[in-house]
Amino acid sequence: MFKLVGAAIIILATTWAGFEAAKKLSMRPRQLRQLKVALQSLEAEIMYGHTPLQEAARKLSKQLAKPLSFFFDTFANRLQSGETTVKEAWDESLKKIWQSLALKQGEFEILSQFGETLGKSDRHHQQKQIMLTMAHLEREESDALDRQGKYEKMMKSLGFLTGLLLIILLM
């Protein structure tokens with residue numbers, strides 16, 4: 001009886017771990033799409049709305065889902081405090097939410113480089129930087145979708161099969 005309960009717990013735990021790993025694979029492309037939408041909205045606010053960066057970030061925080069909404073809210077608050085540069089506010093906000101994102105180091109570098117150029121130039125140069133960043137994110141999204149297609153189902157199966165292996169080894 002205890003062996004069956006233990007076996008069920010092992011199967012549930014390893015299957016859950018496999019599903020969590022697969023969830024992270026599916027969250028990455030979704031978050032990259034959300035980032036691209038955020039950058040498009042930021043571009044529209046800058047180019048056509050002539051909206052100050054702090055106000056644009058505040059609007060984005062209300063439009064996006066968590067954790068990206070939290071990122072733009074933190075960014076807007078840091079800008080509002082006036083104690084920091086745009087680059088520092090961007091980097092600090094990015095570092096604050098990074099652990100809650102499913103993104104990889106390459107995306108961090110892309111976003112960090114974008115933060116270096118944010119607010120430093122005229123609207124047209126800023127638009128070019130946004131377009132460049134979006135192109136990089138598009139490439140990363142394509143890679144993320146490839147990885148999701150290849151590995152998501154495998155992760156789910158691997159979790160379950162690992163549980164079976166542990167049960168066999170322990171019996």
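The structure is a predicted model, in which local features require pLDDT of at least 70 and side-chain atom pairs pLDDT 80 or more, while totals for chains, interfaces and linings use all residues. Residues are numbered from 1 along each chain as its sequence is written, and side-chain values use heavy atoms, without hydrogens or water.

Ser 69 lies in helix H3 (residues 68-81); helices are DSSP runs of H or I with at least four residues, numbered from the N terminus. Beyond its neighbours within four places in sequence, Ser 69 contacts Ser 61 and Leu 64 (heavy atoms within 4.5 Å).

Helix H1 (residues 2-47) and helix H6 (residues 123-170) have axes that come within 8 Å and cross at roughly 175°; axes are lines fitted to C-alpha atoms over the stretch in contact, and angles run from 0 to 180 degrees between N-to-C directions. H1 and H6 are therefore roughly antiparallel to each other (angles over 145 degrees). Their contact comprises 27 nonpolar, 13 polar and twelve charged residues, where Ala, Val, Leu, Ile, Met, Phe, Trp, Tyr, Cys and Pro count as nonpolar, Asp, Glu, Lys and Arg as charged, and the others, Gly among them, as polar.

Glu 141 is located in H6 and, at 6% relative accessibility, counts as buried. Leaving aside neighbours within four places in sequence, Glu 141 is in contact with Pro 29, Leu 32, Arg 33 and Lys 36. The side chains of Glu 141 and Lys 36 form a polar contact at 2.4 Å (a pair of N or O atoms within 3.5 Å; within protein, one must be able to donate a hydrogen and the other to accept it, and residues adjacent in sequence count only if both atoms are side-chain atoms).

Methods: Helix = DSSP H or I, 4+ residues; strand = E, 2+ residues; numbered from the N terminus. Parallel < 35°, antiparallel > 145°, perpendicular 65-115°, else oblique. Buried < 20%, exposed > 50% of the residue type's maximum accessible area, 1.4 Å probe, protein only.
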